[in-house]
Amino acid sequence: MRATLVSIITPTYNSSRFIAQTIASIRAQTYLNWELLITDDASTDDTVKIVQYLARQDCRIKLFQLAQNCGAGAARNNSIERAKGRFIAFCDSDDCWKPDKLEKQIKYMTENGYSFSFSAYYEYDEQNKIHAIVKFPAKITKAYLLRNCIGCLTVIYDVRRVGKMYMPLMRKRQDWALWLQIIQKSHTAHGITEPLAYYRIRKNSVSASKLSLIRWNLLVYKQILGYGWIKRTAIFFFLFMPTYISKYLQKVTYQSYFGQKSDLKK
C-alpha cells in the first residue's frame with residue numbers, strides 16, 4: 001500500500017545561504033511520499049534561482065512566489081492552500097530534519113490515531129554547530145501551550161481529523177497562534193521525545209529578539225483566544241514568562257556534557 005502523502009510547508013525570504021541545505025535534508029527523508037511546497041516571500045537574493053534549480057531535479061518540489069513581501073504566515077498559507085497531502089508538516093528555510101523524521105512521526109501518528117504531533121529538536125547555529133536540545137512533555141494540552149510554544153519545524157497535523165487550518169496573518173507568533181487553534185480541536189498534542197529536527201539560531205532572524213515578542217504574545221491571547229487585558233497580562237507574566245525562563249535555564253547543552261560544540265553532521 002502506498003504511503004500517505006505529506007505536504008511540507010516552507011516559506012522563504014532571502015534564504016540563499018541555507019535553503020539548499022534545508023531542501024537536502026527533506027530529500028534525504030526515508031519516508032518518500034511527500035511534496036515540498038515552497039512559497040517565496042518576494043526575495044531579493046538568489047533564493048528563487050536556487051529553488052528552481054533544485055526543483056528541476058525533483059518533481060516533488062514546487063515553488064510559488066508572492067508579488068510582494070507579506071510575511072511568513074502569508075507565505076505558509078499560500079502553500080497550505082495548495083497542499084494535497086493528508087498530513088501538513090512545517091520546515092522553515094534555514095532549518096533541517098533528521099533523515100527519519102517523517103517516517104517516525106507519521107508512523108507515531110497513524111498507529112496511535114493522533115491528529116497533532118511534534119518532537120524535541122536541536123538548536124544549532126549558522127556554522128552548523130549544535131548548542132542545545134529543546135525538549136517537551138510527551139503529551140501537552142491547551143493549558144501547557146498557553147505558556148510554551150512547540151517548535152514549528154517539528155509540527156505535523158492531520159487534515160482528515162482537524163481540517164485544513166491556516167496561520168493568522170500576524171508578522172510574528174503566527175505559528176504559535178495556529179497551534180492554539182488546532183489544539184482547541186484536537187484537545188491534545190502528542191510529542192516524540194527524541195530530537196528529530198534542527199532549529200537554526202540566527203542573529204538577525206525574525207524571532208531573535210525575544211523582548212520584541214511580548215506584544216505579539218499578548219496579541220495572540222487577545223485576537224486568537226479572546227482574552228481580556230487582565231487575563232492575558234496575568235497569563236503572560238505569571239505563566240508564560242516563568243516557563244520561558246525555566247526552559248532557558250534548563251536546556252540540555254552539548255557544551256555541558258562534552259566541553260565543546262557538536263557538529264550537525266556528527
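Predicted model: local features only at pLDDT ≥ 70, side-chain atom pairs only at ≥ 80, totals over all residues.

Q: Why is arginine 76 called buried?
A: Buried means under 20% relative accessible area. Arginine 76 has a relative accessible area of 3%, so arginine 76 counts as buried.

Q: What makes the contact of arginine 76 with aspartate 92 a salt bridge?
A: The criterion is a side-chain nitrogen of Lys or Arg within 4 Å of a carboxyl oxygen of Asp or Glu. The closest N and O atoms of arginine 76 and aspartate 92 are 2.9 Å apart, and therefore the pair qualifies. Arginine 76 lies in helix H3, and aspartate 92 in the loop between strand E4 and strand E5, 16 residues apart.

Q: Is aspartate 92 buried or exposed, and why?
A: Its relative accessibility is 18%. Because buried means under 20%, aspartate 92 is buried.

Q: Why is glutamate 194 called partly exposed?
A: Partly exposed lies between buried, under 20%, and exposed, over 50%. Glutamate 194 has a relative accessible area of 29%, so glutamate 194 is partly exposed.

Q: What makes lysine 98 and glutamate 194 a salt bridge?
A: Their closest N and O atoms are 3.4 Å apart, which is within 4 Å, so the pair meets the criterion. Lysine 98 lies in the loop between E5 and helix H4 and glutamate 194 in strand E10, so the pair ties together parts that are 96 residues apart in sequence.

Q: Why is leucine 249 called exposed?
A: Leucine 249, in helix H9, has a relative accessible area of 65%. Exposed means over 50%, so leucine 249 is exposed.

Conventions. Residues numbered from 1 in each chain as written. Heavy atoms only, no water. Helix = DSSP H or I, 4+ residues; strand = E, 2+ residues; numbered from the N terminus. Buried < 20%, exposed > 50% of the residue type's maximum accessible area, 1.4 Å probe, protein only.
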